[in-house]
Amino acid sequence: MTNIVTLDEFIITRQKDFAYASGELSGLLRDIGLAAKIVSREVNKAGLADIVGRAKNENASGDQVQKLDVMADELLIACLRNSGECCGIASEENDNYVPIKSKSSTNADYIVIFDPLDGSSNIDVNVSIGTIFAIYHRVTDRDETVSDEDFLQKGVEQVAAGYVFFGSSTMLVYTTGRGVNGFTLDPSIGEFCLSHSDITIPDDGNIYSCNQGGFRKWEPAIQDYTEECLNKSFKMRYIGSMVADVHRTLIKGGIFFYPASSSSPNGKLRLLYECNPLAFIMEQAGGKASDGRQRILDIEPTELHQRTPIFIGSPKMVERVEELVASYELEETFA
Ligand code: AHM
Ligand code: MG
């Protein structure tokens with residue numbers, strides 16, 4: 001039998017990578033792994049139970065909330081509340097951040113920001129969806145209630161980030177700033193097992209991924225870039241679930257982008273719980289993530305649900321987008 005390394009074993013062996021590690025971060029990651037297994041179970045039987053379809057309310061971004069989103073959100077919050085290591089959470093499904101106050105979490109040092117089920121409009125048609133999470137140290141004192149400052153930190157401050165991908169199998173991919181590792185859920189033993197160690201993205205690629213239906217509303221530099229991809233006969237792949245599109249990009253190389261448009265000047269995707277964690281993972285795998293003008297992880301957040309354009313993937317492809325954007329800006333300066 002080959003040597004199986006479970007997520008829990010892997011996290012424990014990696015704990016010593018952190019100077020002064022007290023095990024809090026390891027515990028938090030294991031709790032997220034547990035929540036991921038429960039969400040995976042529910043997602044897999046979604047067609048059987050009465051949990052597919054729309055819930056009555058809309059979330060903070062005005063999107064129709066699906067029932068599975070609500071279930072995943074509540075589950076993650078419950079696991080984090082019990083963990084004792086998390087003092088506050090923010091998520092796509094909650095208008096404001098939620099302080100976690102329990103006896104076990106009075107000394108907790110971490111906040112977690114997550115999208116419980118990204119790509120939720122795909123649920124009803126059985127297409128892949130995912131959970132995305134980012135973990136930060138709180139910046140306020142441990143005896144205070146968490147505040148805006150704790151959540152509005154730049155992505156570069158993340159101590160860990162990951163995603164759970166509910167595809168043909170369920171995978172958990174995460175980084176703590178020392179490379180990227182992926183684990184596949186073996187349903188027969190109920191464990192995430194190390195399946196993709198030290199993931200690195202190819203430097204360049206020939207797959208582009210975007211909702212090209214928006215082409216006419218994009219800025220000229222992005223239209224030019226897309227035309228370059230067409231002229232080179234690159235493959236076009238678009239699932240419409242960011243986790244799935246970014247996961248493919250990470251493994252096979254290529255670029256995923258969701259640009260600004262004349263109708264959505266800040267793009268569609270959310271900085272704190274979609275773009276930052278995936279940008280951290282991408283950079284750790286040797287890739288790049290940019291809004292076209294600056295590194296995603298350097299953007300100063302001003303609000304919880306803020307959106308940003310994003311270009312993420314193989315470094316050479318992201319750099320080409322930045323080059324085109326810069327050349328148009330130069331032209332405007334001298335016009
Ligand atoms: P959601 O958070 O409401 O699920 O929206 C985010 C999703 C991403 O997963 C995906 O990349 C994008 O929306 C797809 O948008 P579009 O349908 O405009 O192509
Ligand atoms: Mg989302």
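**Reading a predicted fold**

Modeller: In this predicted model, five strands form an open sheet in the order β12-β11-β13-β15-β14, with mixed pairing. Strands here are DSSP runs of E of at least two residues and helices are runs of H or I of at least four residues, both numbered from the N terminus.

Biologist: What makes β12 and β14 the edge strands?

Modeller: Two strands pair if DSSP finds at least two bridges between them, and β12 (235-236) and β14 (288-290) each pair on one side only, so they are the edge strands.

Biologist: How do you know that β11 and β12 pair?

Modeller: Strand β11 (residues 207-209) is joined to β12 in the parallel sense over two bridges, which meets the requirement of at least two, and therefore they count as paired. Across this pairing, Ile207 stands opposite Lys235 in β12.

Biologist: What makes the radius of gyration of the protein chain agree with that of a compact globule?

Modeller: The radius is taken over C-alpha atoms, and the globule rule is 2.2 Å times the number of residues to the power 0.38. For 335 residues a compact globule would have a radius near 20 Å, and because the protein chain has 20 Å, the two agree.

Biologist: Which share of the residues is called buried, and why?

Modeller: Buried means under 20% relative accessible area, exposed over 50%, and partly exposed in between, with a 1.4 Å probe and protein chains only. Buried residues therefore make up 54% of the 335 residues in the protein chain.

Modeller: Residues are numbered from 1 along each chain as its sequence is written. Local features need pLDDT of at least 70, whereas totals for chains use all residues.

Conventions: Chains lettered and ligands numbered in written order. Predicted model: local features only at pLDDT ≥ 70, side-chain atom pairs only at ≥ 80, totals over all residues. Heavy atoms only, no water.
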